[in-house]
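Student: I want to go through this structure and test each label against its cut-off. Can we start?

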Amino acid sequence: MVVTFPIETPAQRQVLGVAITFSILTVVAVCLRLLAHHLAQKQWITSDYFIIAAGIFAVSLQSISITGVIQAGIGYDHVTTIAGIYGIEPITKLLKLIISLQFLWVLSLSCTKISILFSYLRIFPVMWVVRISWTTIGAIISWTVGTILAGCLICRPIAYNWDQTIPGGLSRNQVTSFTMTGVINLITDIVVLVTPMPLLYNLQMARYKKVTLITIFGLGAVTCIISILRISVLTTVDFADITYSIPRANIFSGLEPCLAVILASIL
């Protein structure tokens with residue numbers, strides 16, 4: 001039987017508010033980018049396909065967050081209270097959803113950054129930019145594969161993530177794993193952010209135009225800030241009391257890819 005939780009707490013409302021609002025903004029941003037291409041009679045290019053994929057992954061992540069609030073008790077109360085009223089099924093469901101959340105988070109962010117790097121390859125056909133862009137794309141793909149493998153292998157068998165009564169099961173520190181993948185994500189964020197800056201700074205144009213361009217390309221700094229906040233919040237997650245401790249981490253984990261897609265859609 002599917003449990004439905006009443007929406008009563010501020011944490012529940014915050015997770016739902018962020019998920020719904022930024023899902024809509026993400027869809028609107030990607031659609032406006034594609035509409036602009038249509039009006040300018042431009043064909044879709046590689047960066048467009050990656051940003052579409054990133055948007056789909058980001059909205060899917062937020063959909064799982066909504067499901068987590070309504071059916072798995074995110075933000076409702078402590079695990080012991082929920083288990084006493086509704087049984088362990090919602091907790092088990094949430095622990096399963098967290099794996100999907102992690103995969104969608106890394107897939108959305110990787111597609112967004114690859115989309116931006118393909119834009120760099122088109123806009124800045126300079127040898128050192130090309131080399132940095134392709135090297136970073138390779139690093140992002142490796143990080144994506146590594147993050148997915150870590151999600152699959154951190155608990156063995158994988159069902160031990162949600163059922164720790166399995167004999168012989170083993171689970172490593174999930175918070176540490178999430179934090180490490182977040183740090184690597186932040187490093188690639190910074191590389192993507194700073195790569196075009198020397199070229200933009202040296203452009204021969206009016207100062208206000210140069211400042212405008214640098215500001216547009218520098219909007220990625222917002223994503224870096226969110227990434228730092230997410231890493232900080234992840235350290236507060238307690239898997240023994242996951243429903244009560246996860247809301248803030250869930251908000252930042254959903255906000256980061258959505259904001260990245262929205263900002264990347266400007267390019």
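Tutor: Start with the scale for exposure. Buried means under 20% relative accessible area, exposed means over 50%, and partly exposed lies in between. Keep in mind that this is a predicted model.

Student: Why is Leu 35 called partly exposed?

Tutor: Its relative accessibility is 41%. Leu 35 sits in helix α1, residues 10–39.

Student: Why is Ile 66 called partly exposed?

Tutor: Its relative accessible area is 22%. Buried needs under 20%, so Ile 66 is partly exposed. Ile 66 belongs to helix α2, residues 46–72.

Student: How do you know which residues Ile 66 touches?

Tutor: Contact means heavy atoms within 4.5 Å. Leaving out residues up to four places away in sequence, Ile 66 touches Leu 16, Ala 19 and Ile 20. Ile 66 and Ile 20 are 46 residues apart along the chain, with their C-alpha atoms separated by 8.0 Å.

Student: What makes Arg 33 and Asp 48 a salt bridge?

Tutor: The limit is 4 Å between a side-chain nitrogen of Lys or Arg and a carboxyl oxygen of Asp or Glu. The closest N and O atoms of Arg 33 and Asp 48 are 2.8 Å apart, and the pair forms a salt bridge. Arg 33 lies in helix α1 and Asp 48 in helix α2, so the pair ties together parts 15 residues apart in sequence.

Student: Are Arg 33 and Asp 48 buried or exposed?

Tutor: Arg 33 is buried, with 4% relative accessible area. Asp 48 is buried too, with 0%.

Student: How many salt bridges does a search of the whole structure find?

Tutor: Two. Lys 113 and Asp 189 also form a salt bridge, with the closest N and O atoms 3.1 Å apart. That pair links distant parts of the chain: Lys 113 in helix α4 and Asp 189 in helix α6, 76 residues apart. Lys 113 counts as buried at 3% relative accessibility. Asp 189 counts as buried at 8%.

Student: Why is Asn 161 called buried?

Tutor: Its relative accessibility is 6%. The cut-off is under 20%, so Asn 161 counts as buried. Asn 161 is in the loop between β1 (155–156) and β2 (170–171).

Student: What makes the Asn 161 and Gln 174 pair a polar contact?

Tutor: The N or O atoms must be within 3.5 Å, one able to donate a hydrogen and the other to accept it. The side chains of Asn 161 and Gln 174 make this contact at 2.9 Å. A polar atom of the Asn 161 side chain also lies 2.7 Å from the backbone oxygen of Ile 158.

Student: Why is Gln 41 called exposed?

Tutor: Its relative accessibility is 74%. Exposed means over 50%, so Gln 41 counts as exposed. Gln 41 is in the loop between α1 and α2. Its phi is near 55°, a positive value in a residue other than glycine.

Key. Residues numbered from 1 in each chain as written. Predicted model: local features only at pLDDT ≥ 70, side-chain atom pairs only at ≥ 80, totals over all residues. Heavy atoms only, no water. Helix = DSSP H or I, 4+ residues; strand = E, 2+ residues; numbered from the N terminus. Buried < 20%, exposed > 50% of the residue type's maximum accessible area, 1.4 Å probe, protein only.
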